[in-house]
Every structure is written in structure tokens, then in C-alpha cells.
Amino acid sequence: MNSEPLLLATPSGDVLKLRPEGPWTAANVSALETLSRSVGANVDQSRAVTLDMSGVSALDTLGAWVLEKLSRRASSSGRSAEFIGVADHFSGLMDEVRQVNRHTPPPSPAPNPVLLRLNDLGKSTVGAREDLTIFLQMLGALFMAVIGVLRRPRSLRLTSLVYQLYRIGWQAIPIVVLITFLIGAIIAQQGFFHFRRFGAESYTVDMVGILVLRELGVLIVAIMVAGRSGSAYTAELGSMKMREEIDALSTMGLDPVHVLILPRIAALVIALPILAFIGSIAALYGGGLVAQFYGGMAPAIYIARLHEAISVAHFEVGILKAPFMALVIGVVACSEGLRVKGSAESLGRQTTTSVVKSIFLVIVLDGLFAIFFASIGM
Amino acid sequence: MAESQEQFAIRVRDLVVGFGRQTVLDHLSLDVRKGEILGLVGASGGGKSVLMRTIIGLIPRQGGTIDVTGRPVGGRTEGAATTWGILFQQGALFSSLTVRQNVQFPLRENLVLSQELMDEIAIAKLEMVGLRAQDADKYPAELSGGMTKRVALARALALDPPILFLDEPTSGLDPIAAGDFDALIGTLQKTLGLTVFMVTHDLASLTTVCDRVAALADGKIVAIGPMRELLQSEHPWVRAYFHGKRSQMLQHEMR
């Protein structure tokens with residue numbers, strides 16, 4: 001039973017007699033492939049091929065197919081091929097295998113590489129327009145939901161809103177504080193290290209203060225929120241879409257935007273400025289610690305310098321941007337979530353897209369705000 | 001037990017499986033003969049799937065022995081794909097692979113063979129389960145429920161395993177598709193000489209394709225035998241199952 005498979009080829013005149021022996025099963029597939037290849041030339045030369053199956057001890061689909069392929073190779077060029085001595089318990093399988101692989105579809109023509117590139121380019125152009133449409137649609141739907149809430153304030157999903165605030169605001173505080181603290185400390189350390197060469201160490205405080213309050217505090221926090229909460233929104237809404245929960249809501253006469261999306265985005269819009277504020281303070285604190293232990297600047301002097309260097313305008317510039325960034329993150333995350341299709345792969349892809357796109361848009365928005373504030377002189 | 005060891009594909013003895021304090025299978029014994037189609041019925045949540053998953057090693061057991069083709073089963077076994085094929089309820093196709101790649105996956109992982117032969121075998125398997133070669137490049141998300149089950153069956157059979165486990169193969173299919181699927185399983189069982197272990201609620205499947213039916217209640221096999229014998233069974237749960245209103249209606253029409 002456990003012996004190796006064999007294929008004995010005996011040419012008698014124009015007729016080639018093939019006698020497979022032993023187990024012709026998937027376990028011996030490499031031996032089978034070698035055997036069938038070795039008699040290939042003989043098959044092509046002879047006028048008729050007879051396959052004597054009486055020596056086969058075990059046969060499965062793979063073995064049967066290898067033999068069938070040999071017989072088809074013979075019969076394809078007008079020669080005759082036949083199986084003899086097929087044991088009863090193999091005949092069903094042999095008959096089955098004889099039916100398969102008869103209608104191989106014509107291979108699709110190799111695509112033109114230039115056309116392929118153009119096709120991709122066209123697709124991504126159309127895709128970009130589609131992205132913009134979806135973004136605007138979501139913004140519009142959100143606006144309508146807000147109007148609905150303003151007209152009937154009791155229709156606001158307060159429980160959901162508070163829960164989302166807890167999740168994306170309160171629970172995010174530790175990590176936001178830790179990271180902004182480190183960023184503030186790093187900026188201060190770099191400032192002291194490089195400004196020391198031309199004796200401008202005290203300006204480090206100006207740099208830390210302005211940079212953190214105007215730009216970095218809110219930007220870092222927004223990027224973190226996009227990665228932490230935006231991805232969660234996309235994945236949640238995506239899996240709800242996959243399990244038809246969103247369709248169920250719609251059929252009950254409820255607007256998914258109102259029930260699911262408005263509380264989430266509203267929570268983001270409320271939480272992000274708060275997180276940005278906390279983050280900025282943590283960064284200033286980190287800068288202060290570095291000033292004391294690395295720059296040798298007493299805390300009182302650090303605070304006094306900070307007081308001189310920054311004004312409320314710097315703080316306003318930073319914090320004003322936060323709700324807009326939150327809106328962008330929320331709209332992108334929710335619309336990507338609703339674009340999820342049936343498969344798990346699609347969920348992963350949309351989540352990635354959501355994070356990448358919202359971080360990109362947050363940075364673009366930050367640039368636009370920088371231009372805007374510069375031109376109004378803030 | 002006059003029958004010799006050779007005649008059994010699966011032998012389960014005194015199997016105990018539980019989660020926490022709850023005992024799901026309580027000293028269960030079951031024999032599956034080689035070359036038969038055994039249907040397993042039981043209440044929803046009564047441990048049918050647990051039994052199947054324990055036999056294939058997905059759930060740890062607390063006691064008892066399981067022999068599959070004469071060898072004891074313990075944990076995850078190497079080369080399991082050559083021993084048995086499993087058709088999961090939802091198909092469990094790999095969603096990132098095409099139909100062709102799904103069927104080729106067990107071949108690729110277990111054997112060394114040329115891509116050409118692998119392609120031909122995959123198409124052969126797909127045609128054997130009633131699909132066309134054109135469907136091979138689709139992704140699982142593009143398939144209908146019946147096609148998903150067929151592809152999953154083709155994947156389960158990729159290595160020609162002697163034993164096939166089916167978890168509710170006809171659930172979610174319309175009666176015509178379910179009937180076709182039953183016929184397909186019957187045909188494949190004959191051509192490939194399979195032993196089939198089928199968990200099902202489909203009375204039509206039980207009557208048409210199953211050689212024997214086992215009834216699982218209170219963590220034990222309370223009745224086993226051809227459908228005709230089970231209908232005569234005096235066990236209260238078995239009576240309730242086969243002589244309830246729904247069952248009566250079906251059986252009446254079958255007569």
C-alpha cells in the first residue's frame with residue numbers, strides 16, 4: 001500500500017501501453033508529476049495509448065487527473081487513448097474527472113501597460129471627485145441633522161453624545177497629555193541646545209510658547225484623535241453597515257445620520273478643543289521642566305518669559321482651529337465607515353483610508369488657517 | 001461490538017466537554033462508519049456544533065477519547081487537511097483570496113506541485129461541485145450563498161480527505177438549491193468514497209441523503225439509526241423533534 005507510485009511504459013508497435021502502479025494520490029504528487037512528464041515524449045510519438053489501470057492501489061482526484069491529462073494529451077492530436085482495467089470503485093471518480101476542465105475560458109488578453117496606467121489615472125481622478133461629493137453630502141446631511149436638532153432640541157441623542165464624549169474625550173486624556181508633554185519637552189531641549197550657540201537661550205521660551213499654542217498643540221492632538229477616534233468611528237460604522245444595522249435603522253424610519261453620526265461628530269467637535277487645550281498646557285509644562293533641568297532656567301523666570309512672549313491671540317489662533325479639524329476628522333471617518341462593503345478586507349481598507357485622509361486634510365486645513373490668520377494679522 | 005476497528009471512520013468514547021460550570025457533552029459516545037453519511041440532529045444550542053468542533057480539535061475536551069481513522073485525535077494535528085475537510089456554516093472562505101486561490105490554499109500548503117497542475121486541480125474541483133471555470137477569479141464577496149457553500153465544499157475536498165464535516169450545509173439556501181446541494185454531497189460521497197458527518201436541521205436532507213441519523217439531547221446521543229428507526233424512537237425529545245407540527249407536515253407529504 002505504502003509503496004511508491006510507478007508508471008511502466010511498454011511500447012508494442014505503434015501502441016504505447018502505460019501501466020500505472022501503486023498509490024496515485026495527492027501525497028505522492030511530485031513523483032506523479034515527474035512520472036507523467038517522463039512519458040510525455042513517448043505519448044507524443046506513439047499512435048495509440050492504452051492506460052492499464054489494474055495496478056493502481058489507491059486513486060484520488062489528483063492522481064486521476066494526472067492520468068486523464070496523459071490520455072487527453074494523446075487524444076488531442078487525433079490519436080486514440082483508452083483506459084482499461086479500471087477497478088469498480090475507481091470508475092466513478094474516473095468518469096467524473098473525464099468531465100472536468102473541458103471548457104477552459106479563453107485567457108484574457110494581456111492588457112496594454114500604457115492603457116493600464118491611463119486607466120488607473122482616470123479612475124483615481126473620478127475617485128477624487130467622488131470623494132469630494134461624498135464629503136459634501138455628509139456635511140450637508142450633518143447640517144440638516146443639526147437644523148433638525150435646533151428645531152426640536154429634545155431629539156438630540158444626549159446619552160449617545162455623553163458616551164462618545166467619555167470615550168473620545170475623557171479616555172483620551174492620558175495619552176494626549178503624555179505625548180504633548182514629550183513633544184513640548186523635546187522642542188524646548190532642541191531650542192536650548194541650538195540657541196545656546198549664539199546666546200539666545202531665553203528665546204527658547206518664546207519659541208515653545210508660540211509653536212505649541214499656535215500650531216503644534218492642536219495639530220498633534222488632532223492627528224492623535226484622527227488615529228485613535230476617527231479609526232474607531234470608521235470601524236464601528238463599517239461593521240454596523242456590514243451587519244445591516246444601518247439598514248435596520250433606516251427601515252424603522254430613523255435617520256442614521258441623526259442617530260449615529262451627529263452624536264459622534266458633535267462629541268468630536270466638543271472634545272477636540274478641550275483636548276487641544278489640555279495638550280497645550282501639558283506641552284508648556286514639559287517645556288518648563290526641560291528649561292529648569294536642562295536649560296538651568298528657574299520656573300519663575302520661565303513663566304515670566306512665557307507671559308511676555310505670548311498673548312491671548314496665540315491661544316485663540318490655536319484653539320479656533322480645533323473644532324474645524326474635529327469636523328473634518330468626524331466627517332471623513334463617518335463617511336468612510338458608510339462606504340464599507342461586505343468583506344472584512346473592505347473594512348480594513350476603509351479604516352486605513354479614513355485615518356490617512358483625515359490626517360492629510362487636518363494638515364491642509366492647518367496650512368489654510370495659517371494663511372488666513374497671517375493675512376488678518378493675528 | 002462485533003464490528004472491527006477498521007469499519008469506523010470516527011469513534012468517540014465517553015466524551016466530556018464543558019464551558020465553565022456548564023457541561024455541554026456528558027459522556028457521549030458515537031461511532032461513524034466508513035463510507036456512510038451520518039446526520040446529527042439536536043436542539044439549537046444543544047451541543048451539535050460543539051461535538052463537531054471537538055472532534056476536529058477546535059474545542060478542548062475534558063475527558064474521553066476520539067479516534068479518527070484509527071488514530072487518536074489530540075489538539076491541532078499536523079496535516080489535518082489530508083484527514084478531513086470541513087465545510088463551515090458561513091463558508092469561512094478567505095475573503096482576500098479569489099475562489100481559485102481559496103481552493104488551491106490547502107494544496108499549496110500541504111504539497112509541492114507545479115502551478116499548472118494546481119490550477120487544473122482547482123478548476124477540476126470547482127467543476128466537480130458544479131461551478132464553472134469562469135467563477136474562479138471572483139472574490140468571495142461577489143458570490144451568492146449557494147456558490148459560497150459550493151466553493152467552501154471544493155476547498156474542503158481539495159486534498160481528497162476521507163472524512164468530510166458539514167456544519168448545516170443547507171441552511172440559508174432555498175429548497176431547490178438545498179436539494180441540489182444534498183444531491184451533490186451524495187454524488188461526491190459515492191465518487192470519492194467519503195465518510196460524511198453532517199450537522200443539520202434540514203429534515204429533507206436527513207431523509208434523502210443520510211444513511212443514519214444520530215439525535216443529540218441532554219449531552220448524549222439518545223438515538224441513532226436509519227431515519228425510519230428514529231421515527232419509531234420512544235425518546236421524548238426525539239419524538240418531539242420528528243413528530244412536531246412542522247416535521248409531521250413534511251413527513252406527511254413525503255409518504
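Helices here are DSSP runs of H or I with at least four residues, and strands are runs of E with at least two, numbered from the N terminus. By that count, chain B of this predicted model has ten helices and ten strands.

Let's start with chain B as a whole. It has 255 residues, and buried ones make up 42% of them. Among its contacts with a separation of 6 or more, 67% join residues 24 or more positions apart.

Now for the place where the two chains meet. Chain A brings 24 residues to the contact and chain B brings 23 residues. On the chain B side, the elements that give two or more residues are helix 4 (115-128) and helix 6 (175-192). Helix 4 of chain B gives the most, with eight residues. The table sorts the chain B side by class.

| Class | Residues on the side of chain B that touches chain A |
|---|---|
| Nonpolar | twelve residues |
| Polar | six residues |

Helix 4 of chain B deserves a visit of its own. Its 14 residues reach 20 Å from the first C-alpha to the last, close to the 20 Å expected at 1.5 Å a residue. Buried residues of this helix include Met118(B), Ile121(B), Leu126(B) and Met128(B), and also the charged-class pair Lys125(B) and Glu127(B).

What do the buried residues of helix 4 of chain B pack against? In chain A, their partners are helix 3 (61-76) and helix 4 (88-99). Within chain B, they pack against helix 3 (99-110), helix 5 (145-156) and helix 6. Just after helix 4 of chain B comes Gly130(B), which takes a positive phi of about 90°.

How values were computed: Residues numbered from 1 in each chain as written. Chains lettered and ligands numbered in written order. Predicted model: local features only at pLDDT ≥ 70, side-chain atom pairs only at ≥ 80, totals over all residues. Contact = placed C-beta atoms within 7 Å. Buried ≥ 20, exposed ≤ 12 C-beta atoms within 10 Å, placed from the backbone. Expected span 1.5 Å × (residues − 1).
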